[in-house]
Amino acid sequence: MGLPLILSLVFGAGANAAANLRRVADGRVWVAFAVGGGVFFVVQFVSRPLVALVSMLGGWQADGTFPSWLFVAVNVVLAELFKLTAALVLHSAYRSPVGEASGTGAAVGAGFAVWYESLILSSAFQISRLALPGGQSLVAALVASLARVLAGSATTGLGAGLAVRGQLAGGVVLAVAAQLLLDPGLRVLLWRPWMTVAATALVSGVLFAWLVVWGGGRTRAVPPGSDGP
């Protein structure tokens, strides 16, 4: 297990624990965390043919070019749909109170983010060894990685919490829109790397705080259709 994976695992486990403080000793939370990691590999398997289909429909296949931001966007949408589905299936299988759905979703999102961020951190470590001028610092890469883990946990948690309260469409839209804002949105809109890192940290912090404040007090049963975030 390399250092990038260890660091991302620490980030993910910390996010899961923070989102599920009252249930941190509950094994089901950590099962959901592991399932989130499995969802990552499923998404990698499914995304390639889907991106190829989008490329063909968009006419990019002929000249062999495909916009990188669109590739990211397709994968973000696919990942959020799979994460939310996994979280809702687990919540149903656990027969948990409605108020625990956000925590289960947060666990799935954090587990997914561990593997995603381990790849990004691996590239960041390789680039730092080359010491290329103008490259992003390793500290900035770590901050951005932690922020994305928090965001991944928060969006799936908030989306799952809304879905079990009868607001499935709202949960999906919230999760997908937030992730699209983070990447590729901020990366496209902000031209300086430090701006992207700062904005990512800010948005991710707000989303995770929202999850903790909203979901933290809802560990008991909440009637369907009750208040959302």
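**Helices and ring pairs in a predicted model**

Student: Among contacts between residues at least 6 apart in sequence, what share joins residues at least 24 apart?
Tutor: This is a predicted model. Take the contacts in the protein between residues at least 6 apart in sequence. The share of these that join residues at least 24 apart is 77%.

Student: How many helices and how many strands does the protein have?
Tutor: Read the elements from the N terminus on: α-α-α-α-α-α-α. The count is zero strands and seven helices.

Student: What percentage of the residues is buried?
Tutor: Buried means under 20% relative accessible area. The protein has 229 residues. The buried part of them is 46%.

Student: How much of the accessible surface belongs to carbon and sulfur atoms?
Tutor: The protein's accessible surface comes to about 11,200 Å². The part belonging to carbon and sulfur atoms is 72%.

Student: How many aromatic pairs are there, and why does the pair of phenylalanine 40 and phenylalanine 41 get its label?
Tutor: The structure holds four aromatic pairs. In this one, the ring centres of phenylalanine 40 and phenylalanine 41 are 5.2 Å apart. Their planes meet at 85°, and over 60 degrees counts as edge-to-face. So the pair is edge-to-face.

Student: Is phenylalanine 40 buried or exposed?
Tutor: Its relative accessibility is 4%. The cut-off is under 20%, so phenylalanine 40 counts as buried.

Student: What does phenylalanine 41 count as?
Tutor: Phenylalanine 41 has 45% relative accessibility. That falls between the cut-offs of 20% and 50%, so phenylalanine 41 counts as partly exposed.

Student: Which residues do ring pairs link into a cluster?
Tutor: Phe40 and Phe41 belong to the cluster.

Student: Which residue lies over the face of tyrosine 94?
Tutor: Look 5.4 Å from the ring centre of tyrosine 94. The residue over the face is arginine 28.

Note on methods:
Residues numbered from 1 in each chain as written. Predicted model: local features only at pLDDT ≥ 70, side-chain atom pairs only at ≥ 80, totals over all residues. Heavy atoms only, no water. Helix = DSSP H or I, 4+ residues; strand = E, 2+ residues; numbered from the N terminus. Buried < 20%, exposed > 50% of the residue type's maximum accessible area, 1.4 Å probe, protein only. Contact = heavy atoms within 4.5 Å. Areas by Shrake-Rupley, 256 points an atom, 1.4 Å probe, with all protein chains shown as cover. Phe/Tyr/Trp six-rings, centres within 6.5 Å; stacked < 30°, edge-to-face > 60°. Lys NZ or Arg CZ within 6 Å of the ring centre and 35° of its normal.
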